[in-house]
Amino acid sequence: MSKRFLSTVVAAGLASVSFVALGPAGSANAAPLVCEPGYKSAKWTSLSSSWAITHAKQINIPKHGTGSLTKSATYRQTVTSGREVSAGASYSASWVISSMDAHVSGTLSKAGEKTKEKSESVTYNFNKPGVYVVFSGAKKASGYYTAKTCNTRGTGFGKTGYGKARSWNVEAEGAVKCTEAPKKGTAKRAAKAYC
């Protein structure tokens, strides 16, 4: 084999190898997938919960009037479930409340639901005479959200929206004696404000 022919074969082989190594034009610059297209995500801050007394009435149980009794608690305030948009894209109240629900204990009420706005009948076993507050209440939840949506290519998030949401869960009723000292963070402790 002549040196000239061998040089031609080697040169052709190198050209071929170089061509294969380059691959399809532009494939090395494709953006990686980071999320599922259309996926919505929210980050929550300042999440808090507290008891709200929606119905309350102070009553006096006489010495000979103890036992299991049903009393009427007067309507005091409404607790609602919904969201406010501060800036950016608007996300539905239902989706926002559903997202917040995953970050708090208990099942939150759906957007648009509210506590009852009429007197409530409360049954309680008054085993000692004294001044009581019969009550009905709900555990409020609230917080601030930053929501975003994955773009149609799955390469990043956009459509950012900001706002505040509120909801409620775990309705409770009962009575608290005005001389009691209920634990902090309980419905009874909140009801003592009406003593």
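**Salt bridges, pair by pair**

Modeller: Happy to! Let's start with Glu117, which is partly exposed, with a relative accessible area of 42%. Please keep in mind that this is a predicted model. The side chain of Glu117 meets that of Lys114 in a salt bridge, at 3.4 Å from N to O. Lys114 is partly exposed too, its relative accessible area being 48%.

Next comes Lys116, whose salt-bridge partner is Glu120; here the closest N and O atoms are 3.9 Å apart. The cut-off for a salt bridge is 4 Å, so this pair still qualifies. The two partners fall into separate classes of accessibility: Lys116, at 46%, is partly exposed, whereas Glu120, at 13%, counts as buried. Buried means under 20% relative accessible area, which is why Glu120 gets that label.

The remaining pair is Arg166 with Glu84, a salt bridge whose N to O distance is 3.5 Å. Arg166 belongs to strand S6 (residues 157–177) and Glu84 to strand S3 (residues 82–88), so this contact ties together parts that are 82 residues apart in sequence. As for accessibility, Arg166 is partly exposed at 32%, and Glu84 is partly exposed at 43%.

To come back to your question, the count is three salt bridges: Glu117 with Lys114, Lys116 with Glu120, and Arg166 with Glu84.

Key:
Residues are numbered from 1 along each chain as its sequence is written. This is a predicted model: local features need pLDDT of at least 70, side-chain atom pairs count only at pLDDT 80 or more; totals for chains, interfaces and linings use all residues. Side-chain values use heavy atoms; hydrogens and water are left out. Helices (H or I, at least four residues) and strands (E, at least two) are DSSP runs, numbered from the N terminus. Buried means under 20% relative accessible area, exposed over 50%, partly exposed in between (1.4 Å probe, protein chains only).
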